[in-house]
Amino acid sequence: MSVVTAVCRVDHLRPDSGTIGVTAIDKRPVAGAVRVRPLGLYADVQADRKHHGGEDQAVYVYADEDAAYFAEQLDRPVPPGLFGENLRTTGIDVTGLVLGERWRIGATLELEVTIPRTPCGTFARRMGIDRWVKRFAEEGRPGAYFRVRRSGSVAAGDAVTVLERPEHGVTIGQMAAGLTAEQARAVLASGDRLAPKVVREAQLALRRAAV
């Protein structure tokens, strides 16, 4: 059974040496149900809204299984929220999610898979590990962003149900590794109502392949 094991939102803004000066990456688990709307969880924020957040990156999901892998590799705990995620899950392969896949969580919340997480300097400073951006990317466990297709509430313990999985079969992991031209064409030709960021990434992959 696939379930949400933690719901996380910003605990407080932290000083950061990046261009914004603060970061909202410090997410921590909260008790009870949290309302989720098109721009994300109630009372959650993004300090750098140019590169984070927005409707196509409204909810960031990371798997307990991938967190456990990193905990072993790093020899340190990776508690919910450390990677800046909003939801932790168990029992579902987040890296293997298909672009455009739709979930129902709990009674009413419906989410749609958009793009993988791209690690950034803020994340590296959060972790305090040399060459963290490169290492995180190379491990191929990026977690996934979702857009909100139907607003609702989420709480730890809610079941995750896959409502729809597009036939093109292109996954979060494949996009994180770099889409091939064939994969990009399959996504664009799928006929699904793709999130704008998915379309842009597929088009970019085609342009790169044509060079």
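Asp11, Asp26, Arg28 and Arg126 are linked in a network of salt bridges. Keep in mind that this is a predicted model. Side chains of opposite charge can pair when their charged atoms come close. Across the model, the count comes to 14 salt bridges.

Start with Lys27 and Asp44. Their closest N and O atoms are 2.8 Å apart. Lys27 sits in strand S4 and Asp44 in the loop between S6 and S7, so this pair, 17 residues apart, links distant parts of the chain. Are the two partners buried or exposed? Lys27 is buried, at 7% relative accessible area, and Asp44 is buried too, at 14%.

Next, Glu112 and Arg147, with 3.1 Å between the closest N and O atoms of their salt bridge. Glu112 has a relative accessible area of 3%, which means buried. Arg147, at 15%, also counts as buried.

Now the sheets. An open sheet of eight strands runs in the order S4-S1-S8-S7-S11-S10-S9-S13, with mixed pairing. S4, residues 27–29, and S13, residues 160–164, are at the edges; each has a single partner strand, so one side of each has no neighbour in the sheet. From one strand to the next, the twist averages 35°.

Inside that order, S10 and S11 run antiparallel and are joined by five bridges. Pro116 has Ala144 in S11 as its bridge partner. Helix H1, residues 64–74, lies across S1, S7 and S8, and runs at about 60° to S7.

There is also an open sheet of three strands, ordered S6-S5-S12, with antiparallel pairing. Its edge strands are S6, residues 40–41, and S12, residues 152–154, each pairing on one side only. Two bridges join S5 to S6, and Val36 has Leu41 in S6 as its bridge partner.

Last, the surface. Which residues make the nonpolar surface patch of about 240 Å²? They are Leu13, Ile20 and Val22. Leu13 is in the loop between S1 and S2, and its relative accessibility of 46% makes it partly exposed.

Note on methods
Residues numbered from 1 in each chain as written. Predicted model: local features only at pLDDT ≥ 70, side-chain atom pairs only at ≥ 80, totals over all residues. Heavy atoms only, no water. Pairing = 2+ DSSP bridges. Helix = DSSP H or I, 4+ residues; strand = E, 2+ residues; numbered from the N terminus. Axes fitted to C-alpha atoms, helices over the stretch in contact; angles between N-to-C directions. Contact = heavy atoms within 4.5 Å. Patch = residues over 30% accessible without salt bridge, like charges linked within 9 Å, V, L, I, M, F, W, Y side chains within 5 Å. Areas by Shrake-Rupley, 256 points an atom, 1.4 Å probe, with all protein chains shown as cover. Salt bridge = Lys/Arg side-chain N within 4 Å of Asp/Glu carboxyl O. Buried < 20%, exposed > 50% of the residue type's maximum accessible area, 1.4 Å probe, protein only.
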